[in-house]
Amino acid sequence: MNALSLLACLAALILPCAAAAQAITSPPQPAETAAFDIVRTDVRSEGADVVFTVQVRGEAGEVKPKAVGQFAGSAVFSYVWPTSLDSASVGFESDQGILALAVTFHPDFDDAAYGGVNRHVWHPHWVVLVPDEACGPGALKVRDIPAGTTPRVPATWPNVPLLIDSPDYPTRLGGDLVTVRIPAGVIGAPEGVRFDGVTSALLVNANLHAPLLCISDVFDVASGDLSLPGRIQP
């Protein structure tokens, strides 16, 4: 089963789970780019915050997509934590798809809240992922907002036709670690929430039509099978 097919397995969120674990440890994959080769993924409650962490074999954030000079056809690189949280947890409608926290870099466009600039830095998003064969066999996309509809979105939605949020969470890339710290109140009681880790590339549709933003490549999956074996624990 290829990586995109594995990612599509998340759509139902019905795969059997391993025993509860605070972190997911992954064997190094020398064939993968070191900056995206996951060796450990962790999500934990820490005081008033929930801390999302991924450790890679190389230098986190060192590899970035090349700029193409326009939005259409541009690429996004990402460190992603797919979760079992309901999409309503962060301000979308309920049951919209797979809610994931992602740290992304895309040099050709800005998608910060309130018209801010973020194309020059790695930054966090909540995204809702759903399957779409138009992105390729077994592939996922960030869920589109159809023209003429006004679904519920978070206050920091960046005014793009996607179920994406652009919160200003403290985000750090240093050495082999990517860390995002979010207030626990954002998602409510987090203990027992399932998670996994993924590194991936996304591609903006060259025609700027739905699907607008597809997952085009999966570099690594922390669990190996996207069974979401991690559990958020104190």
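View 1. N159 sits in the loop that runs between strand 7 (140-142) and strand 8 (164-165); strands (E, at least two residues) and helices (H or I, at least four) are DSSP runs numbered from the N terminus. Although N159 is not a glycine, its phi is positive, at about 65 degrees. Most residues other than glycine have a negative phi.

**View 2. L226, a buried loop residue.** L226 also has a positive phi without being a glycine, here of about 55 degrees. This residue belongs to the loop between strand 13 and strand 14 (230-231), and with a relative accessibility of 1% L226 counts as buried. V198 lies 28 residues away from L226 along the chain, and the C-alpha atoms of the two are separated by 8.7 Å.

View 3. The bond that joins A210 and P211 is a cis peptide bond, with omega at about 0 degrees. P211 is placed in the loop that links strand 12 (198-204) to strand 13 (213-221).

View 4. A201 is a residue of strand 12, and A201 is buried, with a relative accessible area of 7%. When neighbours within four places in sequence are set aside, A201 is in contact (heavy atoms within 4.5 Å) with V76, F77, C214, I215, S216, D217 and F219. S87, by comparison, stands 114 residues from A201 in sequence and 22 Å from A201 in space, taken from C-alpha to C-alpha.

**View 5. The chain as a whole.** The chain holds one helix and 14 strands, and its C-alpha atoms fill a box of roughly 45 × 40 × 30 Å along the principal axes. For 234 residues, a compact globule would have a radius of gyration near 17 Å, and the 16 Å of the chain agrees with this (taken over C-alpha atoms, with the rule being 2.2 Å times the number of residues to the power 0.38). Buried residues account for 53% of the 234, and of the contacts between residues at least 6 apart in sequence, 65% join residues at least 24 apart. The chain exposes about 9,900 Å², with carbon and sulfur atoms supplying 55% of that area (Shrake-Rupley method, 1.4 Å probe).

**View 6. Confidence along the chain.** The average pLDDT (the predictor's confidence in each residue, from 0 to 100) is 91 for the chain, and 91% of the residues score at least 70. Over residues 1-5 the pLDDT is below 50, and this stretch has 10 contacts in the model beyond near neighbours in sequence. Residues 10-21 likewise have a pLDDT below 50, with 29 contacts in the model beyond near neighbours in sequence.

**Notes to the views.** Residues are numbered from 1 along each chain as its sequence is written, and side-chain values use heavy atoms, leaving out hydrogens and water. In this predicted model local features need a pLDDT of at least 70 and side-chain atom pairs count only at pLDDT 80 or more, whereas totals for chains, interfaces and linings use all residues.

Notes:
Buried < 20%, exposed > 50% of the residue type's maximum accessible area, 1.4 Å probe, protein only.
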